[in-house]
Amino acid sequence: MIDLSVQYAGLFLKNPIIAAASGHTSSLEHLIELEKNGIAAVVLKSLFEEEIINEFHNTLDADDQFQSNIEFLDYYDYELKKENVNRYIKLIKDAKQKLNIPVIASINCVSAGEWTPYAEKFEEAGADALELNIFILPSDNAKTSIDIENDYFKIINSIKEKLSIPITVKISPFFTNVSEIIQKTSKTGISGIVLFNRSYSPDFDIEKMTLNTSNVFSSPNDYTLPLRFIAMNSKKVSCSLAASTGIHDGSALIKMLLAGADAVQIASCIYLHGSTHINKMLVELETWMNSKNYLNISMFKGKLSGENIENPAEFERVQFMKYFSNHEI
Amino acid sequence: MAENQTEYYKIERAQEWRAEIRKNIKVKDRTEMIRVKMLEQDPLIRNKNGLEVNLGLTEELAVTEAQRCIDCPDPTCITGCPVNIYIPKFIKKIEIRDFLGAAQVLKETNSLPAVCGRVCPQEKQCENSCFYTIKLNKPPVAIGFLERFAADYERNSGKINIPETAQKNNIKVAGIGSGPASLAWATDMARMGYDVTVFEALHEIGGVLKYGIPEFRLPNSIVDIEINNLKKMGVKFVTNFVVGKTASLDDLREQGFQAFFVASGAGLPRFMDIPGENSINIFSSNEYLTRINLMGAAKDDYDTPVPFGKNVAVIGGGNTAMDSVRTAKRLGAERAMIVYRRTRNEMPARVEEVEHAIEEQIEFMNLNNPVSYIADQKGRVTKMVLQKMVLGEPDSSGRRSPVPLEGSEYEVDVDIVVVAVGVSPNPLIPASVKGLETTKWGTIKVNEQFQSSIEDIFAGGDIVRGGATVILAMGDGRKAAENMDIYIKTTLKHKSND
């Protein structure tokens, strides 16, 4: 009997597939559907500060009766925040009541400030862990890269201080030395790091000459970026690692585990193929393990990580040069 | 402006007495006159007493100011008034020293002129539409000062004019709440001959005029006189009666009430939901002001006093925040602070209230926002943690949004905090009346006739607008009365045809 269970960020998972924060994890109905199809844990859709601000603006635009009523609206963003947080708390409570898998709350933040008390409320509501989805867009010219990196650690430390549940951090790959950040982050006492988050990128419509949204889904080729950094860092970090971005099939899942990931997060492939795709990926994993005579994941996890291969530099420049020298024009 | 109304103004303006006084002073001379200043108590004396700040105009000052009005052929000021006071006419009555006549003109459309003359934001309404503002870029005619003068003159003369009422039709109608919307509605319904009863949850009549606005801005005695006028018109008031709890609307229907005007206000306080906000001595502005204004909490011989506090912080930048902080100063606060996350330019409070507060040595901590409170072992607030802010991009209301400055937090000693960050509509009626449609804001949905989704229920004021000025609420009350009359007559006609 093959055992697919893993430990991720101090949580027991029946298999290594976690539903990443997305529209699929924003309602109880969807969460139940995911669990039914084999998901091992869910990260509830992030509460975005920006979303609340947008909701505030949309509400104003839709209801001009209140536009001139400045005193009524002056602090209305706090009311919206409360409403959103209360809805989120309800989702955590409902999910905990109906699901038998870990429920991970998620906050998308660019600052620590007022999110810390909300994080405490999510813990009180029963969340098994909290994922901090941090992405500070480096748009402030007055800030150095070190300032920005320090902001990440400020957010982590201030939330870590207040919570007793495991905290994981989802980061972007856009650091000068991302490996150093991964390792430094892992030493802050957090329980896991997710590599990497996907940020919204604006695009242009050259016919309409307007701004629009670029493709929001990852592509199956995107997995190589997290693969590289997980392989390079999995034996050097003091916490769990989860791979995210571009994991669309069982093969990518297996590769991440071989690189040393404890689990993977998926979202785009659920949007593209439906929840039943989770089961398909699990079957692929099980079939592959069977063919290799692996009885559990620890038997092969990290087998192709930087520490376990003869020449770890292959994950870096050497492999890149070899690839192009073999492809003649 | 309706065509017949324009015609009416034209005819009135052409009257001999108006034409005569226009000739007395040339327009050029009128426009060169300087706007009079309101007489006020000295700031450093008034911030230690509870007496009214503004002392009103003398007869001479009022006449002088009235002379500035050029009696425009197209009186744009009226369009800025939610109850369409015939402004040039009452001002010209003052110019000819017919002060009682001026008060009578006011009362044709405004049942609470002494109140409106004190608390209306004229600078955003009638005075903002004045010819001086629009065309001359000069200070507008002080319409608010003159309104207050005429109303006060009438009251002090002892010759208060009680509006005439039509023959009683014995049709019972009920107002819920006794604030400005309801009082304006009740006046018009009584004028039309209806049997009007106003139900009030508190022990005093007047709603926000009494519990929300401090006496140094609007003395309760002024409100009481206006209420007495309504009583003289036959309006009945029932206090300590919570519609939805003491009796339901169905109970009242059984008692023969044919239609209802819900004006239950916005009495639900909002908080920011930040750590430590539940500490002792952190009040909502509603509680703080109601206890002091209405329940004697600042008096030694009352059972439920509020602590006075040396360091009092009021969070917010609206009129309620100004009322709260100025009240705290009068109760002896050494440091009475406004903590506001934008700048003075973005403050929703009336310009006059902000200026008065500054004169009274209120400390303005703009571009600051509380992020938490620290309490002592007994749970009493001792410090607020403020975060500095900067202004970012404008939001949908056109005002620049406050953006927190990370890492700028610092502590300030406080022993009382008043949270004045807005209020939400009173949920009692919406929650207790089945089928009554509400908006996402919690306000009652009404059509242009101020009629709700239940045909015999009309609504206006803060329960419809979320938060409104006194005069806007009164405007709602008047329009609701006009349409309720049409509704009742139509319904009765149908019933008699059946």
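Which residue is the bridge partner of Tyr340(B) in S11(B)? The partner is Asn366(B); the points below place this pair in its sheet and then turn to the rest of the model.

1. Basis. This is a predicted model, in which local features need pLDDT of at least 70, side-chain atom pairs count only at pLDDT 80 or more, and totals for chains, interfaces and linings use all residues. Residues are numbered from 1 along each chain as its sequence is written, while chains are lettered from A and ligands numbered from 1 in the order in which they are written.

2. First sheet of chain B. Five strands in the order S8-S16-S9-S10-S11 (chain B) form an open sheet with parallel pairing. Helices (H or I, at least four residues) and strands (E, at least two) are DSSP runs numbered from the N terminus, and two strands pair if DSSP finds at least two bridges between them. The edges are S8 (282-284) and S11 (363-366) of chain B, each pairing on one side only. From one strand to the next the twist averages 20 degrees. Four bridges link S10(B) and S11(B) in the parallel sense.

3. Strand S9 of chain B. S9(B), residues 311-315, is mostly covered, with five of its five residues buried. A residue is buried if 20 or more other C-beta atoms lie within 10 Å of its own, exposed if 12 or fewer, and partly exposed in between, with C-beta atoms placed from the backbone. In a regular strand the side chains alternate between the two faces of the sheet. One side of S9(B) carries Asn311(B), Ala313(B) and Ile315(B), and the other Val312(B) and Val314(B), all buried. Five bridges pair S9(B) in the parallel sense with S10(B), residues 335-340, and Val314(B) stands opposite Ile338(B) there.

4. Another open sheet of five strands, with parallel pairing, has the order S5-S4-S3-S6-S18 (chain B). Its edge strands are S5 (236-238) and S18 (457-459) of chain B. S3(B) (residues 172-176) and S6(B) (residues 257-262) run parallel and are joined by five bridges, with Ile176(B) partnered by Val262(B). Helix H12 (residues 180-191) of chain B lies across S3, S4 (195-199) and S6 of chain B, at about 165 degrees to S4(B); axes are lines fitted to C-alpha atoms, for helices over the stretch in contact, and angles run from 0 to 180 degrees between N-to-C directions.

5. Cores. The largest nonpolar core has 133 residues, and Ala150(B), Val314(B), Val417(B) and Ala459(B) have the most contacts inside it. Such a core is a set of buried Ala, Val, Leu, Ile, Met, Phe, Trp, Tyr and Cys residues joined through C-beta atoms within 7 Å. Helix H21 (residues 470-497) of chain B gives the most to this core, with eight residues.

6. Helix pair in chain A. The axes of H1 (residues 28-36) and H4 (residues 76-98) of chain A come within 10 Å and cross at roughly 35 degrees. Leu28(A), Leu31(A) and Ile32(A) in H1(A) meet Leu91(A), Asp94(A), Ala95(A) and Lys98(A) in H4(A); contact requires C-beta atoms, placed from the backbone, within 7 Å.

7. Chain A overall. Chain A has twelve helices and 13 strands. Of its 329 residues, 43% count as buried. Among contacts in chain A between residues at least 6 apart in sequence, 72% join residues at least 24 apart.

How values were computed: Two residues are in contact if their C-beta atoms, placed from the backbone, lie within 7 Å.
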